[in-house]
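Open the model in your viewer and show the side chains. This tour goes from ring to ring.

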Amino acid sequence: MCVNGLAANADDAVVLFDDVPFNVDANIPIVNSITVRNAGTSTWSSAGGNYGLSSDSEFGSGIWYPITTDVAPEGSYTFNFTSPAPQAAVKLYHTLWQMKKQGAGVFGTPIVRQRKTTDWTVSYESARLVADDIPIMMGAGEGRMVAITLRNVGTTTWKGSDVPDKYGLLRSDGTFGLVGSGSYLNNGERIAPGDQRTFYIYLAAPMQQGVYMLRLRMIHVTVGSFGPYITRQIEVVEDATPPSKPTVTDDGLYTTNATSFHAAWSGASDSQTGIAEYHYAMGTSPSDTGSGYVVNWTTAGTQTSVTHTGLSLAYGGTYYFYVRARNGAGMWSLVGASNGITVVQQVSRLSEIKDTTVGSGFLILQVPVTAAGSGLVFIQDLDRSCGLKLNWSGVSPSITKKATIAGIYRGIVDNEPAADAFSITAGSAFTAQAVGMSNRSIGWPGSYNGGGVETPPGGAGVDTRCLLIKTWGSVTYAGSGFFLLDDGTGVSDYESTLGRKGIRVLLPTGAPARNEGDRVVVTGISRASADGTRWIMPRSAGDITPW
């Protein structure tokens, strides 16, 4: 590191902060806090008490405060200590602290202060630093607003700009620039003893690189400055801030292309040294985890879009594109990520989806919607040979239209073929027609009574689950919110629990209760329970009519 063009010494120190008070009370020990930064090239070792803070003053000389932990170059150390009590009241003392290496002497910036002893009954002004975000490094020409919070630890109230003797935080001396002289309290503002106040000051870094000193102190206009000096060393470099994070977009929610991936990005900028290069990567996590990449970090030069080819992506996998930007000073931005795109395989029939591996992605165009609501959507092939249940968190699609659907097949879940849909787009107008069948034909191979054997188009073992079907019969049992329907084929799914034969039919909202002996026609979705029982889900009260 160089200071204003000069090479740094092996042992060097810069004061970052001190709260050495100006007004002190006679015969009362003084509590101090001083933070210094190792501005040299050698580590301050705590072994043997070789490095520490040396004190010299009119009321205490040769006092030694050793460091207790090692301090590497650019590291900092805070000394918290109590100074001896001055004896005489109303007297001006001179104090000095400076870093020292035993056997080699003092080094670094000295802290020279005047202290005035007062009678404790006399009011005085003082401040203590609570927090600040002053940087230790800024880019050439960079401007930055910083916050400095001070507590009023005196006995007088700080007053605002509505009075001539207002209070504020101003630059005391040093070489670092401010926009304006500092920051004053607002009109009418009062900070009582014990309260704290945050001052906002805009720092303006010089254009020339080097190390500069910033010193701030509270001031009481017409009276003078008071409280501790807030001292900071700020190194001005070519560029001290990374570029802003890129915003990354891919080509939508899904793609049928498993061999290439396209993405574009924008928003990355750097006002000081500009964007020198972009890197991109691909992975399966919504944010960059630093490992597990599908495509490792690759340069894109200064391009703001790329198509990466030669991939072998998995159907059903969701992939994310990551981008980071590097400025002319070699600093990298945070990683921006796309919202993810899922690879799907286009199919023409629902049976193709059911034949795929669980977890596979699919895309099917213009398929009839037969029922929708309560987080579920049911679809079926145009020829009514196969149905599928979709879990869906979006707006329910209309049952008077076809839909284009992208999703992930989940297999047979609780005895029903199911998928998670992540995109449903309404298509052309279409009203699906139900397949008429006997009670016994409702079901799937292996269900009670060999369900499905009579289901059109006639093949034994046809699976009617999730199809829109129509059946009929007499009510053999009327329960709460449902009834059993029997057309004479004697479905026995519920005989052991309810003592009656028939297939279960749910009563939709608004549908009147049914009585035993009622003869009805029911249209609804053929459903199955996890225990293997079959039931029908009408979509509305109009799906149950007298027969």
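The stops below cover aromatic rings in this predicted model.

**Stop 1: the overall count.** How many aromatic pairs does a search of the whole structure find? The search finds 17.

**Stop 2: Y51 and F107.** Select these two residues. Their rings form an edge-to-face pair. The centres are 6.2 Å apart, with 75° between the planes. An angle over 60 degrees counts as edge-to-face, which is why this pair gets that label. Now colour the strands. Y51 belongs to strand β6, residues 51-57, and F107 to strand β10, residues 105-118. The pair links distant parts of the chain, 56 residues apart. Are the two partners buried or exposed? Y51 counts as buried, at 5% relative accessibility. F107 is buried too, at 8%.

**Stop 3: F81 and W97.** Select this pair next. The ring centres lie 5.9 Å apart and the planes meet at 55°, so the pair is tilted. F81 is in strand β8, residues 76-83. W97 is in strand β9, residues 92-101. Here 16 residues separate the partners, and the pair again links distant parts of the chain. F81 is buried, with 6% relative accessibility. W97 is buried as well, with a relative accessible area of 2%.

**Stop 4: a cluster.** Select F261, W265, Y278, Y280 and F321 together. These residues form one aromatic cluster.

**Stop 5: charges over rings.** Select R215 and Y229. R215 lies over the face of Y229, 4.2 Å from the ring centre. Finish with R324 and W297. The charged end of R324 sits over the W297 ring, at 4.1 Å from its centre.

Definitions and conventions
Residues numbered from 1 in each chain as written. Predicted model: local features only at pLDDT ≥ 70, side-chain atom pairs only at ≥ 80, totals over all residues. Heavy atoms only, no water. Phe/Tyr/Trp six-rings, centres within 6.5 Å; stacked < 30°, edge-to-face > 60°. Helix = DSSP H or I, 4+ residues; strand = E, 2+ residues; numbered from the N terminus. Buried < 20%, exposed > 50% of the residue type's maximum accessible area, 1.4 Å probe, protein only. Lys NZ or Arg CZ within 6 Å of the ring centre and 35° of its normal.
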